[in-house]
Each structure stands twice: as C-alpha cells, then as structure tokens.
Amino acid sequence: MSEESYPDLNTYRHDLFVQEDQILKSVMPEAVALGLPPISVSPDAGQTLYLLARMIGARKILEFGALAGYSAIWLARALPRDGRLISLELDPKHARVARSNIARARLADRAEVRAGSALELMGEVSKEAPFDLIFIDADKESYPRYLDFAMDHLRLGGLIVADNADGHGHVHESLEPGDRRRGIQTYNRRVASDRRLVSHVLPIGGWLAVSVKVEE
Ligand code: SAH
Ligand code: MG
C-alpha cells in the first residue's frame, strides 16, 4: 500500500507538482468577477512556463497578451531579481488588472505591462532585445507576425512558446479563409519546418508549441 492517496491522476499531478499559491489561485476568479474572459493558461501550463524559463535561466522575457497577468506572474517568478518581463496588452482594462496583480505578487520591480496593440508596440520593444523567452498568447491571426518578430529578437538558445497551438481543437481541419485560427496553422507549419528552430507541441491545456532557436 502506498502512503499517499489521491482521488485521481490529475489531482495527484496537480497537488504534487503545480506550485500555484494563493495569489495565483485568486487571479482568474477575481478577473472574471471584473468581467474579463476566463482564457488564461491553465495551472499546468503556468507551471510549464515557469519550468521552461528556469531551464534556460531566462533573464529577459517578452509576452504577447497579458489578460489579468496570470501567465506573467508565473514567468516573472522564474526571473532573477534583476530580470525583466515585458507584457503587451491591447485592452487597457486588462492591462490595469494585470498591473495590479503583478504588484500584489510583488513583481512590479521586474514585470511591466505595456498597453496597446502588440503590432504597434513591437518597434519600441525591439530596443530591449535580445530576449531569452518569448511567449505568444494574444490574437491568433497575428501569430505569424509575432513569430517574425520573435525570430529577429530572440537570442540563440532562447525559447519561443505559443499557447493554443491546437487552434481550440480545430487546427488539424481545413478552415475557412478569414478564420483567425488559420494564423495558428501557419504558425505551427512554420515552427515545425524552420531549420533555425527545433520545435514540438506539449499537449498541455490548449497545447503549448515550444521552439528553441538553434541557428541565427
Ligand atoms: N497570457 C494570458 C492570457 C492572454 S488572453 C494568461 O495566460 O494569463 C489574450 C490577451 O491578448 C487578451 O487580454 C487580449 O486583450 C490580448 N490581445 C488581443 N489582441 C491583442 C493585440 N493585438 N495586442 C496585444 N494584446 C492583444
Ligand atoms: Mg491562450
């Protein structure tokens, strides 16, 4: 007989490995009460982002799409004290909520949310390159544009991670022209075949596509 018992495998994995504290637990319920959509990464994906950032000793991280700061807190916690996370967020209300959660998590010294369209903010953000890790989780139709930026502003050995690589379960289907998930199809095709990257998807939550830059 084992000393431990859990009701199911998922509870076992979550309780043993996912270091989600009270602050992280409260971020999404509070955000939803404020009217934000419940579309953050899962706790499993958060722990994975944290692990990936730690594995490469990330010091500078860029995020596309902050929402309420849930994934930003996971990522910023992987940074050293003098590390930096910049998160780009279109919706000013989301940006405000994310900033307040980052401050509550005592990460305001290293994590910053910039409000505006990521496509428009990319110019000024390029001055802060190179990044060690770039996490893509904003509007799906722009994933290929974010990938272009990431290829040009990521250090060798750095990681590009994209959420929702399963296209909400439809990425394998033939999609209508204009379907925003086509951006994810293009993204996946490109990271899977670019010689400068080694990539795979981790089927966690809505799939994290993970790529490491192996060639300039
Ligand atoms: N990464 C967050 C979830 C992000 S949800 C987490 O896991 O906690 C996607 C976010 O991208 C939304 O907040 C949305 O407002 C933002 N977004 C959509 N289009 C954008 C754009 N063009 N530029 C920047 N952010 C955008
Ligand atoms: Mg997502």
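A pocket here is an open set of grid points with protein on both sides within 12 Å along at least five of seven lines, and its lining residues have an atom within 4 Å of a point. In this predicted model, the second largest pocket is lined by Arg13, Phe17, Val18, Asp44, Gln47, Thr48, Leu51, Leu52, Leu202 and Ile204. It holds about 160 Å³ of space. Helix 1 (9-17) and helix 3 (43-55) each put at least two residues into that lining, with helix 3 giving the largest share, 5 residues. Sorted by class, the lining comes out as 6 nonpolar, 2 polar and 2 charged residues.

The largest pocket has a volume of about 580 Å³. Its lining counts 27 residues, and those closest to the pocket centre are Ile39, Gly65, Asp137, Ala138 and Asp139. Two or more lining residues come from each of helix 4 (70-77), strand 2 (84-89) and helix 6 (118-125). The class tally for this lining is 12 nonpolar, 9 polar and 6 charged.

Some polar atoms come up close to the ligand. A polar side-chain atom of Glu89 is 2.6 Å from an oxygen atom of ligand 1. For nitrogen atoms of the ligand, a backbone N or O atom of Gly65 lies 2.8 Å from one, and a polar side-chain atom of Asp139 lies 3.2 Å from one. On its own, ligand 1 has 580 Å² of accessible area, and the protein covers 90% of that.

Definitions and conventions: Residues numbered from 1 in each chain as written. Chains lettered and ligands numbered in written order. Predicted model: local features only at pLDDT ≥ 70, side-chain atom pairs only at ≥ 80, totals over all residues. Heavy atoms only, no water. 1 Å grid on protein atoms, 1.4 Å probe; cavity = no way out; pocket = protein on both sides within 12 Å on 5 of 7 lines; lining within 4 Å. Points joined across faces, edges and corners; volume = space filled by probe spheres on them. Helix = DSSP H or I, 4+ residues; strand = E, 2+ residues; numbered from the N terminus. Nonpolar A, V, L, I, M, F, W, Y, C, P; charged D, E, K, R; others polar. Polar contact = N/O pair within 3.5 Å; in protein donor to acceptor, adjacent residues only side chain to side chain. Areas by Shrake-Rupley, 256 points an atom, 1.4 Å probe, with all protein chains shown as cover.
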